[in-house]
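Here's a quick briefing on the fold, written to be read with the model open beside you.

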Amino acid sequence: MRSISVHVHGADEAEADGLTRQLRSELLELEVDSVDFDDKRTPPEHSKGLDPGAVTTLVVAVSSSPVLVELARALRDWITRATDRRITLTAPDGRTLEITGARTRADHRVIETFLDQPEDPDDTEDRP
């Protein structure tokens, strides 16, 4: 199983929070293993919690290459609904790819290639 981090950018934290929750809802409809909020920050002492900006990153776990292709298509479709949308994908090895709604239609293959690269170059599981 591999995990991809998806950070959703917004004009402000409240907008990013709403977009992140919308994207999560759509990704849960796919055959992914899980879609969790990623919050590595700790709330300040004596606070009631974190601000909405704390939930602008999702961790999507997938266990097969066909699901990675499905994930790439879903991300492309979601982001192209508005030209001002922007997400950053981060692979477990630290590679990142920023995608904007303004140019994603032409970059579908770039997204697929990014998601389909193995975490470990010697990892050939699920590959022909």
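Predicted model: local features only at pLDDT ≥ 70, side-chain atom pairs only at ≥ 80, totals over all residues.

Residues are numbered from 1 along each chain as its sequence is written, and side-chain values use heavy atoms, with hydrogens and water left out.

**Overall layout**

- The protein has 3 helices and 5 strands; helices (H or I, at least four residues) and strands (E, at least two) are DSSP runs, numbered from the N terminus.
- Going along the sequence, you get the pattern β-α-β-β-α-β-β-α.
- Of the 128 residues in the protein, 39% are buried; buried means under 20% relative accessible area, exposed over 50%, and partly exposed in between, with a 1.4 Å probe and protein chains only.
- Take the contacts with a separation of 6 or more: 60% of them are between residues 24 or more positions apart. Contact here means heavy atoms within 4.5 Å.

**The sheet**

- The 5 strands make an open sheet in the order β2-β3-β1-β4-β5, with antiparallel pairing; two strands pair if DSSP finds at least two bridges between them.
- β2 (34–37) and β5 (96–100) sit at the edges with a single partner strand each, so one side of each has no neighbour in the sheet.
- Neighbouring strands are turned by 20° against each other on average, direction ignored. For angles in general, axes are lines fitted to C-alpha atoms (for helices over the stretch in contact), and angles run from 0 to 180 degrees between N-to-C directions.
- As background, strands of a sheet pair through backbone hydrogen bonds, either parallel or antiparallel.

**Strand by strand**

- β2 pairs with β3 (residues 57–62) in the antiparallel sense over 4 bridges. Valine 35 stands opposite valine 60 of β3, and aspartate 36 stands opposite valine 59 of β3.
- β1 and β3 run antiparallel and are joined by 6 bridges. Arginine 2 stands opposite valine 62 in β3, while histidine 7 has threonine 57 in β3 as its bridge partner.
- On to β4: 5 bridges join it to β1, and the two run antiparallel. Here valine 8 has isoleucine 87 in β4 as its bridge partner.
- β1 is mostly covered, with 6 of its 8 residues buried.
- β3 has 5 of its 6 residues buried, so it is largely enclosed by the rest of the structure.

**Helices on the sheet and on each other**

- α1 (residues 13–27) lies across β1 (2–9), β2 and β3, and runs at about 145° to β1.
- α2 (residues 65–79) lies across β1, β3, β4 (86–90) and β5, and runs at about 160° to β4.
- α1 and α2 pack at an angle of about 140°, with their axes 11 Å apart. That makes α1 oblique to α2, since angles under 35 degrees count as roughly parallel, over 145 as roughly antiparallel, 65 to 115 as roughly perpendicular and the rest as oblique.
- The crossing of α1 past α2 is right-handed. A crossing is left-handed if the near helix is turned anticlockwise from the far one by less than a right angle, and right-handed if clockwise.
- On the α1 side, Leu19, Gln22, Leu23, Glu26 and Leu27 meet Leu71, Ala74, Leu75 and Trp78 of α2.
- By class, the contact of α1 with α2 has 7 nonpolar, 1 polar and 1 charged residues. Ala, Val, Leu, Ile, Met, Phe, Trp, Tyr, Cys and Pro count as nonpolar, Asp, Glu, Lys and Arg as charged, and the others, Gly among them, as polar.

- Leucine 97 belongs to strand β5 and is buried, with a relative accessible area of 16%.
- Leaving out residues up to four places away in sequence, leucine 97 touches Ile87, Thr88, Leu89, Val110, Ile111 and Phe114.
- Leucine 97 and valine 6 are 91 residues apart along the chain, with their C-alpha atoms separated by 9.7 Å.
- Glutamate 13 is in helix α1 and is partly exposed, with a relative accessible area of 41%.
- Glutamate 13 and threonine 56 are 43 residues apart in sequence and 7.9 Å apart in space, C-alpha to C-alpha.
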